[in-house]
Amino acid sequence: MESPPNSGIAFRKLFETVVNFLVSSEKVLIVALDDLNYLCCEGHANEVMYSLLSS
């Protein structure tokens with residue numbers, strides 16, 4: 001297990017790390033998007049939804 005960085009981490013890097021872990025360990029991710037508006041404000045909502053639905 002790795003410790004989180006002292007400063008923020010880029011969303012794309014975090015997302016790729018999670019996806020790579022899930023693929024390599026043959027796990028499934030269940031996502032509940034309660035506060036999707038936060039992703040919309042930062043311009044990441046379309047990218048996240050596309051990535052989740054196209055896999």
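Predicted model: local features only at pLDDT ≥ 70, side-chain atom pairs only at ≥ 80, totals over all residues.
Solution. Apply the cut-off: buried means under 20% relative accessible area, exposed over 50%, partly exposed in between (1.4 Å probe, protein chains only). Residues are numbered from 1 along each chain as its sequence is written, and side-chain values use heavy atoms, with hydrogens and water left out.

**Exercise 1.** List the elements of the protein chain in order.

Solution. Take helices as DSSP runs of H or I with at least four residues, and strands as runs of E with at least two, numbered from the N terminus. The chain has three helices and zero strands. The order is α-α-α.

**Exercise 2.** Find the salt bridge and place its partners.

Solution. Look for a side-chain nitrogen of Lys or Arg within 4 Å of a carboxyl oxygen of Asp or Glu. The whole structure holds one such bridge. Arg 12 and Glu 47 form it, at 3.1 Å from N to O. Arg 12 sits in helix α1 and Glu 47 in helix α3, 35 residues apart, so the pair links distant parts of the chain. Glu 47 is partly exposed, because its relative accessible area is 25%.

**Exercise 3.** Classify Leu 52.

Solution. Locate Leu 52: helix α3. Its relative accessibility is 33%, so Leu 52 counts as partly exposed.
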